[in-house]
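Hi everyone, thanks for coming. Let's have a look at this one together.

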Amino acid sequence: MLKADLHTHTLYSPDSVMSLEDIISRCLEVGINCLAITDHNTIEGALRMEKASPFHIIIGEEIQTRSGEVIGLFLEEEIPRGLSAEEAVSGIKAQGGLVMIPHPFDRTRPSAIRRQTLEELLPQIDIIETFNSRTIFLRDSERARLFAKNHGLPSGAGSDAHTIGEIGNAYVEMAEFNGKEEFLNALSKGDVIGRRSNPLVHIASSWTRLRKRLL
């Protein structure tokens, strides 16, 4: 069985300083053996991690669109930020990727996708992230779970880790897979397991972003 953390960041995100080596060590320590690297608006870290990791890496990207964030999984090419959500989704689909909507109902995040956009994109969505460890209110996660259930979409889960201690706070326990179709099938039968991270991790990310800008 796999323990798949489907939402993580590396030092290639502007608000994280986690090295690839430290991430690998942490995953081995906590038993995460499948990891989606979803850095903000880049796949560089994911491509490098794929070459370095002893376990399965899914190349992803958390894309900032004009209507909120969208995650592409199984990507081959980077998608630029600042597109419309529809353009970003088209870019994901054009390269055979999967569309996952992260933290869709998180009331504390300005980056969460707009509800109207979520409804408009529904036919193109493959996965709803129903548990994100950085989502503060459990009710927001429950709304995401019910949305996925009501629309027959698989549930994804991720720590949204920006710091080492967060890795593995949320994952999907699922069967092994080969390729995106088997991944979706295994995900739909998997079990979401997770706990919330300390809300102070948001302060750490903000400080890291500021420090990187200053440097």
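Here is one to start with: are Phe-177 and Phe-183 buried or exposed? Both Phe-177 and Phe-183 are buried, where buried means under 20% relative accessible area, exposed over 50% and partly exposed in between, with a 1.4 Å probe and protein chains only.

A quick word on what you are seeing. This is a predicted model, in which local features need pLDDT of at least 70 and side-chain atom pairs count only at pLDDT 80 or more, while totals for chains, interfaces and linings use all residues. Residues are numbered from 1 along each chain as its sequence is written, and side-chain values use heavy atoms, with hydrogens and water left out.

Now the rings. The whole structure holds 4 aromatic pairs; rings of Phe, Tyr and Trp (its six-membered ring) pair if their centres lie within 6.5 Å, with planes under 30 degrees apart stacked, over 60 edge-to-face and the rest tilted. One of them joins Phe-105 and Phe-147: the centres are 5.7 Å apart and the planes sit at 65°, so this pair is edge-to-face. It links distant parts of the chain, 42 residues apart, with Phe-105 in the loop between strand 5 (98-101) and helix 4 (115-121) and Phe-147 in helix 5 (residues 138-150). Helices (H or I, at least four residues) and strands (E, at least two) are DSSP runs, numbered from the N terminus. Phe-105 and Phe-147 are buried too.

Back to our opening residues: Phe-177 and Phe-183 also make an edge-to-face pair, 5.1 Å centre to centre with 75° between the planes. Together with Phe-74, Phe-177 and Phe-183 form a cluster linked by ring pairs.

Next, the largest pocket, with a volume of about 480 Å³. On a 1 Å grid over the protein atoms alone, a pocket is an open set of points where a 1.4 Å probe fits, with protein on both sides within 12 Å along at least five of seven lines; lining residues have an atom within 4 Å of a point. Grid points are joined across faces, edges and corners, and the volume is the space filled by probe spheres set on the points. Of its 21 lining residues, Asp-15, His-40, Glu-69, Ser-111 and Arg-209 are the closest to the centre. Helix 7 gives the largest share of the lining, 5 residues.

Finally, Ser-53 lies in the loop between helix 2 (44-52) and strand 3. Ser-53 counts as buried because its relative accessible area is 13%.
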